[in-house]
Amino acid sequence: MERIVIHSDLNNFYASVERILNPELGGKPIAVCGSKQERKGIVLAKSEEAKRFGVKTGDTVWQAEKKCPGIIIVPPHFGEYMEYSRKVKAIYARYTDLIESYGIDECWLDITHSTLIFPPFENKTTECCGEKYFTDEYLTFLGDTIRETVKRELGLTVSCGVSFNKVFAKLGSDLKKPDGTSVISKLNFKSVVNGLPVEDLLFVGKSTKSKLGAMRLGTIGKLAAADRDYLVSVFGKVGETLSRFARGEDDEEVKHMDERREYKSIGNSCTYPDDVTSLERVERLLYVLAESVAARLRETEQGLADTVHLWVRYSDLTDFSVQKKVRHTALCSEIANHAFELFKSNVRQPFKVRAMGVTVSGFDNGLSQITLDETYGKYEKMSRVEKCVDEIRKRHGYDKLQRGIIAEEPTQMRNDIKNSHLIKPGNFDDRK
């Protein structure tokens, strides 16, 4: 019997929470946006009413206002979003303990062995070619049960995709929005997915889409029919993954809700209120980013990182990214210094920087050889200090303890980007 995997996607999540906090916003076009004054004024989420006017995530505030006159702009309340995300996951936990988050508003649930707590349902299975399969009606019932529970108890709507693997479950949750359940089963998956554009497949970004389009593989069905060795010759290991995903051969398990997630990279970025034009400011701002990255790295318990990445966007919106191999580290100061060296090596003055990002990757999961210097010297002392800083901030607030280098950057003294910049896993492509 096939697995039952549900992908749940909270509809217009930030905007929906804002309506719960302020019921007067109900039925009105709203957009949750960053600060216009700090040049972070882009649409983070929008209501269905705003969506009908063509407002999209990533639009600037003025674009949203032009598309939808009378749209109500509200600031984000990330703490509230985190709290509602926890409440939704508590509901999911009634059905299964196999719950894997995909950002703040999406989860996979494996309910294959947890369906006994659902209400009774007749005709759960059907036979085809001597094999037993779950009926589409039963799978729809499971998704609807979870959707209706979340809506009744929290006032939030959910779109659910129900399938036999994670990739197709994610694909299904995008097919009926808002507030719908889609089933992609072993009996119907080819008729449902083969005609869909290849970019609907999980992790296929702009670059991969472009390459596949040039190969005349613009639909999932065409990708599934393509020669696997040919795909590997073009994309490397990613080609194998693309082929498996398109053919419905994804067998990755849904992780337990308490299982530590494995990260390929950990990073953060920030857009600044005014153009950054001096190396001194660049260094200070890279320390702010590195501090959040190092703290996240310690929280995720991935060990030490051996690669530092830098992303820079100029005031004309052009950008670039570079990286370098480094000695394994989890120290803010080392990450910041490596990022600063990358900046100085790749940017010539004069410059006008609008945004920057710092990322680390190549985690050792605690298996690196530790040198005497790291065990007894400066590294170990600095590591203990940074862990103490983490604890003080947890108890008393982020802004209660700051590095001296940040004191000359007052706009960043209370900028807790570690907890306010909520990010979701990316795609096969590099940063877009």
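The questions below proceed from the whole chain to its sheets, helices and backbone exceptions.

Mentor: Two conventions come first. This is a predicted model, in which local features need pLDDT of at least 70 and side-chain atom pairs count only at pLDDT 80 or more, while totals for chains, interfaces and linings use all residues. Residues are numbered from 1 along each chain as its sequence is written, and side-chain values use heavy atoms, with hydrogens and water left out.

Trainee: What percentage of the residues in the chain is buried?

Mentor: Buried means under 20% relative accessible area, exposed over 50%, and partly exposed in between, with a 1.4 Å probe and protein chains only. Helices (H or I, at least four residues) and strands (E, at least two) are DSSP runs numbered from the N terminus, and the chain has 16 helices and 14 strands. Of its 432 residues, the buried share is 48%.

Trainee: What is the strand order in the open sheet of five strands?

Mentor: Two strands pair if DSSP finds at least two bridges between them. Strand E1 (residues 5–10) pairs with E6 in the antiparallel sense over five bridges, and six bridges join E1 to strand E9 (residues 158–163), also in an antiparallel run. The pairing in the sheet is mixed, and the order is E5-E6-E1-E9-E10.

Trainee: Which strands of that sheet stand at the edges?

Mentor: An edge strand here has a single partner strand, so one side of it is left without a neighbour in the sheet. Strand E5 (residues 99–101) pairs with E6 over three antiparallel bridges. The strands at the edges are E5 and E10 (181–184).

Trainee: In E6, which residue is the bridge partner of Ile6?

Mentor: Strand E6 (residues 106–110) is mostly covered, with five of its five residues buried. Glu106, Trp108 and Asp110 lie on one side, with Cys107 and Leu109 on the other. Trp108 stands opposite Glu100, whereas the partner of Ile6 is Leu109.

Trainee: Which residue of E4 is the bridge partner of Val32?

Mentor: Val32 belongs to strand E2 (residues 30–33), where Ile30 and Val32 point one way and Ala31 and Cys33 the other, and all are buried. Three antiparallel bridges join E2 to strand E3 (residues 43–46), in which Val32 is partnered by Ala45. E2 also pairs in the parallel sense with strand E4 (residues 72–74) over three bridges, and there the partner of Val32 is Val74.

Trainee: How many residues has helix H5, and what span does it reach?

Mentor: The expected span of a helix is 1.5 Å times one less than its number of residues. Among the buried residues of H5 are Tyr138, Phe141, Leu142, Thr145 and Ile146, and just after the helix Gly155 takes a positive phi of about 75°. Helix H5 (residues 136–154) has 19 residues and reaches 27 Å from its first C-alpha to its last, close to the expected 27 Å.

Trainee: Are the axes of H10 and H11 roughly parallel, roughly perpendicular, roughly antiparallel or oblique?

Mentor: Axes are lines fitted to C-alpha atoms, for helices over the stretch in contact, and angles run from 0 to 180 degrees between N-to-C directions. The axes of helix H10 (residues 228–235) and helix H11 (residues 237–246) come within 6 Å and cross at roughly 140°. Angles under 35 degrees count as roughly parallel, over 145 as roughly antiparallel, 65 to 115 as roughly perpendicular and the rest as oblique. H10 and H11 are therefore oblique.

Trainee: Is Asn12 buried or exposed?

Mentor: Asn12 is not a glycine, yet its phi is positive, at about 45°. Asn12 is found in the loop between E1 and helix H1 (13–21). At 17% relative accessibility, Asn12 counts as buried.

Trainee: What is the relative accessible area of Arg216?

Mentor: Arg216 is a residue other than glycine with a positive phi, near 60°. Arg216 sits in the loop between helix H8 (206–214) and helix H9 (220–225). Arg216 is exposed, and its relative accessible area is 73%.
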